[in-house]
Amino acid sequence: MNFWDVHGILFLIFACIFPRLTLLFGTYISFGLLGWIGWLFIPRFTIAAYAYWYYWDTNPFLVLISFVSAFMGEAGEKTIFFSRYK
């Protein structure tokens, strides 16, 4: 399955900015217990894991970008949180 056949650029933007809402309303993926825990605590990595699972064969560059975005997003959130609440 090719990513661009299912989603567009707007989906990518929303996945980077609003990962929980995108996972909840923008996908047809059924979550198991691990998926819900990932949705609650590390939604960007959950998106990257699903991207790896479904799209690695057809679009590995996009999957690598999703992991880079996940690392940058999580690090940015933690930096802002710890700088405000020192």
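**Ground rules.** I'm working from a predicted model, in which local features need pLDDT of at least 70, side-chain atom pairs count only at pLDDT 80 or more, and totals for chains, interfaces and linings use all residues. Residues are numbered from 1 along each chain as its sequence is written, and side-chain values use heavy atoms, with hydrogens and water left out.

**Entry: the patch.** I looked for greasy surface and found a nonpolar patch made of W4, I9, L10, I13, F14, I17, F18, L21, L24, F25 and W36. Together these residues have about 1100 Å² of accessible area. For the record, patch residues have over 30% relative accessible area and no salt bridge; nonpolar side chains (Val, Leu, Ile, Met, Phe, Trp, Tyr) are joined within 5 Å and like charges within 9 Å. A salt bridge here is a side-chain nitrogen of Lys or Arg within 4 Å of a carboxyl oxygen of Asp or Glu. The areas come from the Shrake-Rupley method with a 1.4 Å probe, and for residues only the protein chains shown count as cover.

Which elements give two or more residues to the patch? They are α2 (9-17) and α3 (19-25). The largest share, five residues, comes from α2. I noted that helices are DSSP runs (H or I, at least four residues), numbered from the N terminus.

Entry: I9 is in helix α2, and I9 counts as exposed because its relative accessibility is 56%. L24 is in helix α3, and at 35% L24 counts as partly exposed. My cut-offs: buried is under 20% relative accessible area, exposed is over 50%, and partly exposed is in between (1.4 Å probe, protein chains only). I also checked L24 against W39: they are 15 residues apart in sequence and 8.5 Å apart in space, C-alpha to C-alpha.

Entry: How much space lies in the largest pocket? I get about 510 Å³. A pocket is an open set of points on a 1 Å grid over the protein atoms alone, where a 1.4 Å probe fits, with protein on both sides within 12 Å along at least five of seven lines; lining residues have an atom within 4 Å of a point. Its volume is the space filled by probe spheres set on the points, which are joined across faces, edges and corners.

The pocket has 24 lining residues, and F3, F11, I47, A51 and Y55 are the closest to its centre. Elements giving two or more residues to the lining include α5 (43-55) and α6 (60-84). The largest share, six residues, is from α5. The lining divides into 18 nonpolar, five polar and one charged.

**Entry: F3.** I picked F3 from the pocket centre list. F3 lies in helix α1. Buried or exposed? F3 is buried, with a relative accessible area of 4%. The C-alpha atoms of F3 and A51 are 48 residues apart along the chain and separated by 8.8 Å.

**Entry: the ends.** M1 is in the segment before α1 and counts as exposed at 57%. Y85, in the segment after α6, counts as exposed at 59%.

How values were computed
Ala, Val, Leu, Ile, Met, Phe, Trp, Tyr, Cys and Pro count as nonpolar, Asp, Glu, Lys and Arg as charged, and the others, Gly among them, as polar.
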